[in-house]
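Subject: Structure for you to look at

Hello,

Here is the structure I said I would pass on. Please open it first, then read the notes below with the model beside you.

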Amino acid sequence: MEEMEEELKCPVCGSFYREPIILPCSHNLCQACARNILVQTPESESPQSRRASGSGVSDYDYLDLDKMSLYSEADSGYGSYGGFASAPTTPCQKSPNGVRVFPPAMPPPPTHLSPALAPVPRNSCITCPQCHRSLILDDRGLRGFPKNRVLEGVIDRYQQSKAAALKCQLCEKAPKEATVMCEQCDVFYCDPCRLRCHPPRGPLAKHRLVPPAQGRVSRRLSPRKVSTCTDHELENHSMYCVQCKMPVCYQCLEEGKHSSHEVKALGAMWKLHKNQLSQALNGLSDRAKEAKEFLVQLRNMVQQIQENSVEFEACLVAQCDALIDALNRRKAQLLARVNKEHEHKLKVVRDQISHCTVKLRQTTGLMEYCLEVIKENDPSGFLQISDALIRRVHLTEDQWGKGTLTPRMTTDFDLSLDNSPLLQSIHQLDFVQVKASSPVPATPILQLEECCTHNNSATLSWKQPPLSTVPADGYILELDDGSGGQFREVYVGKETMCTVDGLHFNSTYNARVKAFNKTGVSPYSKTLVLQTSEDTDSEEQTLPFPVPSERLPLRRMSPFSSTLNLQPSFPGRSYFDFRSSPHQLSLHSSLQSLNAPVAWFAFDPGSAHSDIIFSNDNLTVTCSSYDDRVVLGKTGFSKGVHYWELTIDRYDNHPDPAFGVARMDVMKDVMLGKDDKAWAMYVDNNRSWFMHNNSHTNRTEGGITKGATIGVLLDLNRKTLTFFINDEQQGPIAFENVEGMFFPAVSLNRNVQVTLHTGLPVPDFYSSRASIA
């Protein structure tokens with residue numbers, strides 16, 4: 001309670017509060033001290049005089065000077081007086097506890113009344129010594145402040161507790177505070193009296209001296225006298241009433257009050273109850289021992305939690321730093337792409353500026369020359385060169401009209417950063433709460449009647465066992481590389497059917513599937529062997545197991561147009577390109593005719609340049625850039641004879657599209673054939689060239705226009721590549737000794753749009769020529 005003592009003292013006089021009053025700022029003052037620090041305000045500075053004089057400063061202006069005042073003149077009668085603008089400039093003093101105190105402007109008039117009843121000078125102002133807020137008193141004076149009765153009560157109790165301190169019992173006049181107590185003498189001593197009356201020698205040396213507080217407790221716990229009956233004060237308790245559960249005396253039994261009750265000897269019941277209490281304490285002691293052990297465990301847990309917290313925080317920081325590093329690396333890559341696009345745009349525009357400058361200089365020179373020729377007066381000489389000049393002028397004019405005055409590059413950057421998935425992932429980034437362990441899903445069963453191969457694609461179907469009660473969150477399909485190598489994931493998702501494209505022809509693959517949920521992963525299913533088509537001479541290879549006859553007509557339907565690509569609407573990942581749907585088998589298989597030894601495929605958006613624009617189920621492509629961009633087909637060929645065609649849907653400003661085959665890692669931002677990964681024919685409106693590794697060969701007359709058809713014949717049996725325009729072979733065999741895996745490829749810019757046609761037979765004249773050879 002000693003720490004509370006400062007709260008109980010007046011900031012003016014430094015003593016305990018006497019008749020404390022509560023100021024509007026919630027601080028307290030002695031009533032007498034409050035009267036002593038009153039300051040009389042000049043009449044002209046009071047709010048009443050300002051209202052009387054019509055001054056622009058209102059009571060609210062006074063109140064606004066002290067925003068923290070708790071009362072306003074309107075509701076309490078007090079006004080706020082800010083800063084003592086006209087108060088006497090007497091220097092302030094300090095109270096015993098260091099708080100500034102403003103002295104009164106004049107000594108208070110002598111009065112015999114109490115401080116509360118004594119009159120207060122008119123326009124008096126009081127300033128809180130603690131927060132220094134000023135208040136103008138109304139006509140009630142100090143009586144307007146409420147008294148703090150609670151504070152008075154706390155002070156009274158505190159003073160009583162201080163007065164109740166143990167005093168020396170041997171001091172003759174004013175007892176001093178006791179410092180020790182003798183347990184044998186049962187007397188409290190102060191230090192002088194202890195040395196004088198209780199010296200530590202002789203028999204007194206064996207006495208035990210304890211602090212006064214401990215002595216008070218020992219006194220309280222000292223043996224009491226034998227208790228007497230509450231009804232008969234002269235009788236001691238001698239028996240115990242079992243029914244009333246209380247000690248009784250002999251006279252209580254004689255008078256008949258407990259005559260019919262069962263009573264027992266007091267000493268016997270005392271021993272019995274002590275025994276019962278001891279037994280109860282034994283059980284409680286066991287619980288207390290367990291509680292101590294539990295507290296030790298909890299304290300060890302606190303230490304372990306702190307250590308685990310430090311370790312987990314370090315792991316979390318490392319993971320977040322790794323994400324930040326990955327984001328910074330991606331940022332650098334994106335900035336590099338932007339800089340590359342920036343340099344490319346500048347290069348294209350500067351090249352066009354240079355080209356137009358040269359052409360404009362030539363045109364201006366031709367114009368000036370023609371004007372000088374017109375000035376000549378020799379008719380015969382003029383007519384000798386006029387026809388040639390007229391043709392040159394028209395030719396130059398035509399050259400300016402073929403898109404020369406159209407910018408080849410836009411000023412806008414056709415790049416848009418899609419950061420919404422990443423932001424969503426960041427917002428969804430959270431801790432995974434590990435739940436109680438539950439069973440893993442059962443092993444999936446491959447449905448053999450649903451599985452098949454088609455060209456270089458394979459469709460697989462599976463299901464959960466009929467009696468399985470554990471749900472699966474998804475499935476993982478794995479295939480090897482077709483050469484007995486390691487298995488790799490080709491699909492992860494919730495669907496139970498998947499078609500894998502891009503496999504090698506005439507190859508054997510092993511497939512297996514497993515299920516997973518939040519608990520773990522099931523065992524693998526039985527391994528299924530898949531055999532892709534030997535070549536395009538066989539319509540379709542099915543697995544060596546029986547297929548129900550009622551399913552055969554489903555696979556023998558005429559083609560509608562071209563391959564229908566079905567993309568899953570759920571998140572997943574694939575090593576090969578995949579398509580999945582509950583109806584994938586019927587849709588995918590219905591695109592084969594009964595006797596058509598052909599392959600069906602479309603353009604591949606996944607591997608194409610970002611400027612390529614797809615439509616018509618990925619069969620029609622164009623480009624958003626003036627530069628050539630490459631797009632590949634979805635199906636790769638390594639064996640057999642394959643033929644496909646492309647029709648020119650749009651052809652503006654005589655560009656040079658290129659058609660042919662390429663490896664998967666071909667450069668996508670240059671014309672097809674510029675590197676060593678592509679074999680192509682590029683063609684304009686007049687002639688064509690073959691190109692591989694930037695080598696141009698076999699210039700051939702004959703170009704393309706809108707509506708023209710380009711045919712590409714890849715004969716991997718003879719290792720040749722041949723091109724056709726409008727069903728006529730364009731030049732000799734373009735390339736020989738081509739081996740490996742090839743994908744159909746096209747490069748074009750925004751001035752060209754082409755449509756792919758697949759599932760076509762090899763031209764008759766080539767088939768007959770191959771049979772003769």
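Two strands are said to pair if DSSP finds at least two bridges between them. Helices (H or I, at least four residues) and strands (E, at least two residues) are DSSP runs, numbered from the N terminus. With those terms, strand β15 (residues 445–446) pairs with β17 in the antiparallel sense over two bridges.

Some notes on the source come before the rest. This is a predicted model, in which local features need pLDDT of at least 70 and side-chain atom pairs count only at pLDDT 80 or more, while totals for chains, interfaces and linings use all residues. Residues are numbered from 1 along each chain as its sequence is written, and side-chain values use heavy atoms, with hydrogens and water left out.

Overall

The protein has 13 helices and 37 strands. Of its 773 residues, 38% are buried; buried means under 20% relative accessible area, exposed means over 50%, and partly exposed is in between (1.4 Å probe, protein chains only). The accessible surface comes to about 45700 Å², and 55% of that belongs to carbon and sulfur atoms. Accessible areas come from the Shrake-Rupley method with a 1.4 Å probe, and for residues only the protein chains shown count as cover. Contact means heavy atoms within 4.5 Å. Among the contacts with a separation of 6 or more, 61% are between residues 24 or more positions apart.

Strand β17 and its partners

Strand β17 covers residues 457–463, and six of its seven residues are buried, so the strand is largely enclosed by the rest of the structure. Strand β16 (residues 452–454) is joined to β17 by three bridges and runs antiparallel to it. One of the bridge pairs here is T453 with A458. β16 and β17 form a hairpin with two residues between them, and N455 in the turn has a positive phi of about 55°. Strand β20 (residues 497–500) is also antiparallel to β17, with four bridges between them. On that side, the bridge partner of A458 is V500.

The six-strand sheet

What is the order of the strands in the open sheet of six? The order is β26-β36-β28-β29-β30-β31, with antiparallel pairing. β26 (629–632) and β31 (695–701) stand at the edges with a single partner strand each, so one side of each has no neighbour in the sheet. From one strand to the next, the twist averages 20°; the angles behind such values run from 0 to 180 degrees between N-to-C directions, with axes fitted as lines to C-alpha atoms (for helices, over the stretch in contact). β26 is joined to β36 (residues 743–748) by four bridges, and V631 has V746 as its bridge partner in β36.

Salt bridges

Side chains of opposite charge can pair when their charged atoms come close. A salt bridge is a side-chain nitrogen of Lys or Arg within 4 Å of a carboxyl oxygen of Asp or Glu. A search of the whole structure finds 16 of them.

R512 and E478 form one, with the closest N and O atoms 3.0 Å apart. This pair links distant parts of the chain: R512 is in strand β21 (residues 508–516) and E478 is in strand β18 (residues 474–479), 34 residues apart. Both R512 and E478 are buried.

Another network links D684, R687, R699 and E701. The side chains of D684 and R687 meet at 3.9 Å, N to O. E701 also forms a salt bridge with R687, with the closest N and O atoms 4.0 Å apart. E701 lies in strand β31 and R687 in strand β30 (residues 687–692), 14 residues apart. Is D684 buried or exposed? D684 counts as buried because its relative accessibility is 10%, whereas E701 is exposed at 53%.

Strand β22

β21 also pairs with β22, antiparallel, over four bridges. One of the bridge pairs is N510 with V529. In a regular strand the side chains alternate between the two faces of the sheet. Strand β22 (residues 528–531) has L528 and L530 on a covered face, and V529 and Q531 on an uncovered one.

Regards
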